[in-house]
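Let me put the structure up and we'll walk through a couple of its elements.

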Amino acid sequence: MCGLVRETAYAIHVYHGQGHMEKVYENALAHRLRKLGLEVKQQHAVQVRDEDETVLGDFYADLVVENLLVVELKSVKALAEEHVAQLLGYLKSTGLEHGLLITFGSYKFQIKKYIKNGNSNANLADLLPIVFLHFFVIFAFFRGQIV
């Protein structure tokens, strides 16, 4: 599903470009994902609770897709650490595992995937081909096959 959201967000970036308010991109992404048959909740209210379940406050996730994925949208030139912290907080509070952080504010499309209690931008399965390629290049180098 993350791949479908990525592709759709990129298509929106290509079509609309940069310069719109965040809400325009939010509406566009929600609209296109719904057209694809996905359940999308916009400005989904999530309560932040303390360890004893006392409600500390609410936040509103830009999009929650299929009750599996939190999507936080920005219209800024570059993603910052506070944007990452915001998304990770949303994942913790919702109990969801996967989140996407997307900015439409730059000429260059930027998207990052985060997995709660995991690494950003890649799953282990995505990294395995790269790890094996590096291993074989290093192995060949030490055997004298690469100069």
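The expected span here is 1.5 Å times one less than the number of residues, and helices are DSSP runs of H or I, at least four residues, with strands being E, at least two, numbered from the N terminus. Before I go on, this is a predicted model, where local features need pLDDT of at least 70, side-chain atom pairs count only at pLDDT 80 or more, and totals for chains, interfaces and linings use all residues. Numbering runs from 1 along each chain as its sequence is written, and side-chain values use heavy atoms, with hydrogens and water left out.

Which residues of α1 are buried? Cys-2, Val-5, Thr-8, Ala-9, Ile-12 and His-13, buried being under 20% relative accessible area and exposed over 50%, partly exposed in between, with a 1.4 Å probe and protein chains only. Down the α1 axis, those buried residues fall within an arc of 145°, so they line one face; the arc takes directions from the helix axis to the C-beta atoms. Glu-7, Val-14 and Tyr-15 are exposed on the other side of α1. Just after the helix, Gly-17 has a positive phi of about 70°.

The cover over α1's buried residues includes α2 (22-35), β3, β4 and β5, by contact, meaning heavy atoms within 4.5 Å. Now β4, residues 98-103: five of its six residues are buried, so the strand is largely enclosed by the rest of the structure.
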